[in-house]
Amino acid sequence: MYVSIPVAEEREYYPVSSAQKRMYVLSHLEGGEVSYNMPGALIIEGSLDKERLEQAFRQLIARHETLRTRFEMVDGEVIQRIESNVPFSVEYVQASEEETPQYAQDFVRAFDLAQAPLLRVQLIENGPGRHVMLYDMHHIISDGVTEGIIVQEFSQLYEGKELPPLRIQYKDYAVWQHADMQSERLRAQESYWLNTMSGEIPALDMPTDFTRPAVQRLEGTRFEFAICMEDSEQLKQLAAQTGSTLYMVLLAAYSTLLHKYTGQEDIIVGTPIAGRPHAELSSLVGVFLNTLAIRNYPSGDKTFLDYLQEVKEHALSAYEHQEYPFEELVEKAECNAGYEPECAVLTQCLS
């Protein structure tokens, strides 16, 4: 059943959403200063009007309250305050293409969450008709969908187009989420997740070359690879034949690989989801991202096809209960297990 999100009454400050609370806590952990920055870059070729560019961003900030929001603690709780106006200007520099990577690296620096906007922009002029626009936002006001919204609306505003008004803002979603946590629907979702996470929560014991440090350093890299077209088509055919999706096939394969490395038969894989179930949320700037902790039980006595069917059922159930915040699950699961609610630490490990 579709439920419209009401506009919250005006107040001095507002509660944060579950995702914002997580980002606030993680950002204040040691090593988390820039780990939740979301930088990006656009190469702009051709003529560019710097004044129009800066005005487009000012219009974006006026349009989305999230870009005028700052965060602080009040009576032991994280809250958000929305400013009517915030200072903003684009940083302009001139640099060669060879110097640009160093400027991009230096551009990413810590945000003060108590100061809005949690957005900065730098325009690097490489020469006539070529610019690199760097932008950075803190994850507490942004997610992957938000980045797309920012780029799209910036382009439209720069071109002089008018955007349709927004009926609600992110604060309305946060207030609604708090109230909705007491609804029968969310209580049913909570029951599902607590049942799924009952018993001992398995910690993945991967064999590694080095001992895991006592303090998480948040360092890492990525390994990119491509599979051939033939293998890709076979995976898609397997998904079609089993009535599953390509994601379900890959999740089954991935968790099977983890089982082979560790010998464990109880494995939880966190998977991100957009967290925008309402159509009204699709055009809002903010962090809606949620994590689904999908628990599967790979073992050597199951065929892959049988195991894939289990993964399919678990994934579908998780998606049916996707609105329950991961942060709430972490805290409730720990309390039920008799642990001290060190929610931030466990969230950091699983998300």
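Which residue of β4 stands opposite Tyr14? Gln80 does. Before going on, note that this is a predicted model, in which local features need pLDDT of at least 70, side-chain atom pairs count only at pLDDT 80 or more, and totals for chains, interfaces and linings use all residues. Residues are numbered from 1 along each chain as its sequence is written, and side-chain values use heavy atoms, with hydrogens and water left out.

Strands here are DSSP runs of E with at least two residues, helices are runs of H or I with at least four, and both are numbered from the N terminus. Two strands pair if DSSP finds at least two bridges between them. Contact means heavy atoms within 4.5 Å.

Now take the pairings one by one. β1 and β4 (residues 77-82) are antiparallel over 2 bridges. β3 and β4 are joined by 6 bridges and also run antiparallel. Thr69 has Ile82 in β4 as its bridge partner. In a regular strand the side chains alternate between the two faces of the sheet.

β3 and β4 form a hairpin with 2 residues between them. Asp75 sits in that loop. Its phi is near 55°, a positive value in a residue other than glycine. Is Asp75 buried or exposed? Asp75 is exposed, with a relative accessible area of 78%. The cut-offs are under 20% for buried and over 50% for exposed, with partly exposed in between, using a 1.4 Å probe and protein chains only.

Strands β6 (residues 119-127) and β7 (residues 130-138) run antiparallel and share 8 bridges. One of the paired positions is Glu125, whose bridge partner in β7 is His131.

The loop between α3 and β6 holds Pro117. The peptide bond from Ala116 to Pro117 is cis, with omega near 0°.

Look at Asn37 in strand β2. Asn37 counts as buried, at 10% relative accessibility. Leaving aside residues up to four places away in sequence, Asn37 touches Val108, Arg109, Phe111, Arg120, Asp136, Met137 and His138. Asn37 and Gly144 are 107 residues apart in sequence, yet 12 Å apart in space, C-alpha to C-alpha.

How many cavities of 30 Å³ or more does a search of the whole structure find? The search finds 2. A cavity is a set of points, on a 1 Å grid over the protein atoms alone, where a 1.4 Å probe fits but cannot get out; lining residues have an atom within 4 Å of a point. The largest cavity has a volume of about 230 Å³, taken as the space filled by probe spheres set on the points, which are joined across faces, edges and corners. Its lining has 21 residues, and Tyr173, Gln177, Gly275, Glu323 and Pro325 lie nearest its centre. The lining of the largest cavity divides into 12 nonpolar, 6 polar and 3 charged residues. Here Ala, Val, Leu, Ile, Met, Phe, Trp, Tyr, Cys and Pro are nonpolar, Asp, Glu, Lys and Arg are charged, and the others, Gly among them, are polar.

α1 and α5 (170-180) each supply at least two residues of that lining. The largest share, 5 residues, comes from α5. Helix α5 is mostly covered, with 9 of its 11 residues buried. Among them are Tyr173, Trp176 and Gln177. The buried residues of α5 pack against β1, α1, β4 and α6 (184-196).

Conventions. 1 Å grid on protein atoms, 1.4 Å probe; cavity = no way out; pocket = protein on both sides within 12 Å on 5 of 7 lines; lining within 4 Å.
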